[in-house]
Structure formats: structure tokens, C-alpha cells
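Open the model in a viewer and keep the selection tool at hand.

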Amino acid sequence: MAVTKIRKLSSWTLLVISLITIVVLGIFFGGGVEDPSAEVKNYIYTGLLLDWTYIVFFLTIAVMLVLALWQFASVIKTNPKSAVTSLIVLALFALMLIITYSIGDGTPLTTLNADAQTYNTSFWLKATDMWIQSTIVLFIAIVAVICAGTVKRILNK
């Protein structure tokens with residue numbers, strides 16, 4: 001696949017997922033709340049937002065795993081060192097998820113309504129902490145790589 005085809009495919013994928021996300025957020029925030037006078041607002045379409053978030057997250061993980069293994073299989077023949085590096089990155093990502101899950105707090109929340117008690121278990125609370133902390137770690141890593149690349153480019157001039 002040519003670079004332009006890859007770029008077009010990734011651009012269209014980003015556009016479609018972004019549009020669906022905007023629609024889901026519009027439904028979530030515009031759909032109303034169960035009791036407007038309540039201190040803690042319970043949005044009617046919280047389940048839709050959570051389901052979409054899970055779909056996007058698990059789809060991202062599945063695509064990442066498939067593409068990482070595909071890259072490994074195609075590169076192992078020509079450049080074994082590069083292939084092993086891609087597996088190391090995948091292992092570090094899994095390690096990050098394990099670490100962020102293990103440091104998550106599983107203490108049940110007390111301010112939730114009866115419907116939310118289904119997810120008020122140690123597993124779901126730690127999983128939520130894992131997603132949040134992993135996002136923070138990846139964001140910091142992205143900023144660090146951008147800064148390092150900029151510094152490297154400036155020093156090489």
C-alpha cells in the first residue's frame with residue numbers, strides 16, 4: 001500500500017471515528033438527565049457513551065496488536081533487530097497496562113446511584129484508573145519524544 005493510500009485511510013478513519021464521537025457526545029449531553037434537581041446529575045445516555053468508549057478502546061488495542069504482529073512477521077526476514085524492537089515496544093505497552101492497573105485504587109465509591117453499583121467493583125475501578133493513568137503516561141511519552149526529536153534536529157544542524 002502506498003504512503004498516500006495509508007495516509008488517506010488513516011485520515012478517513014480518524015474523521016469517521018471523530019464524527020461518531022461528536023454525535024455520541026451530543027446525544028450524551030443533549031439527551032438530558034434523570035432528575036435535574038438532583039445534586040449529582042445522572043445523564044440518561046451514560047451507557048451509550050461508555051459503550052462507545054469501550055468500542056474505540058478495544059478496537060484500538062486489537063488493531064495495534066494485529067499491526068504489530070504483521071509488522072513483526074514482515075520485518076523478521078529482512079531486519080531481525082528491528083523486528084525484536086517492535087516486540088519490545090509491545091511488551092513495554094503491556095507492562096505499562098499491568099503496572100497502571102496494579103497501582104489503581106479499587107476502593108468502592110459511596111456517592112453512586114443504584115444503577116452505577118454494577119461497575120462499583122474493585123476490577124472496574126482499577127480498570128478505569130488504568131485507562132486514565134495509561135493515557136497520562138502515553139501523553140507524557142509523546143511530549144517527551146516530540147521534545148527529544150526537536151532537540152536532536154536542532155543539534156544536528
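This is a predicted model. Begin by selecting Ala83, Ser86, Leu90, Phe93, Met96, Leu97 and Thr100, the buried residues of helix 3. In an α-helix there are 3.6 residues a turn, so residues three or four places apart point the same way.

Now show the whole of helix 3, residues 80-102. From its first C-alpha to its last, helix 3 reaches 33 Å over 23 residues, close to the 33 Å expected at 1.5 Å a residue.

Next, select Ile61, Phe93, Met96, Leu97 and Met130. Together these 5 residues form the largest nonpolar core. Helix 3 gives the most to this core, namely 3 residues.

Stay on Met130 and display its surroundings. Leaving aside residues up to four places away in sequence, Met130 touches Leu97, Thr100 and Tyr101.

From there, move to Thr100, which lies in helix 3. Is Thr100 buried or exposed? Its relative accessibility is 4%, and under 20% means buried, so Thr100 counts as buried.

Finally, show the contacts of Thr100. With residues up to four places away in sequence not counted, Thr100 touches Met130, Gln133 and Ser134. Look at Ser134 in particular: its side chain and that of Thr100 make a polar contact at 3.0 Å.

Notes:
Residues are numbered from 1 along each chain as its sequence is written. This is a predicted model: local features need pLDDT of at least 70, side-chain atom pairs count only at pLDDT 80 or more; totals for chains, interfaces and linings use all residues. Side-chain values use heavy atoms; hydrogens and water are left out. Helices (H or I, at least four residues) and strands (E, at least two) are DSSP runs, numbered from the N terminus. Buried means under 20% relative accessible area, exposed over 50%, partly exposed in between (1.4 Å probe, protein chains only). A polar contact is a pair of N or O atoms within 3.5 Å; within protein, one must be able to donate a hydrogen and the other to accept it, and residues adjacent in sequence count only if both atoms are side-chain atoms. Contact means heavy atoms within 4.5 Å. The expected span of a helix is 1.5 Å times one less than its number of residues. A nonpolar core is a set of buried Ala, Val, Leu, Ile, Met, Phe, Trp, Tyr and Cys residues joined through side-chain atoms within 4.5 Å.
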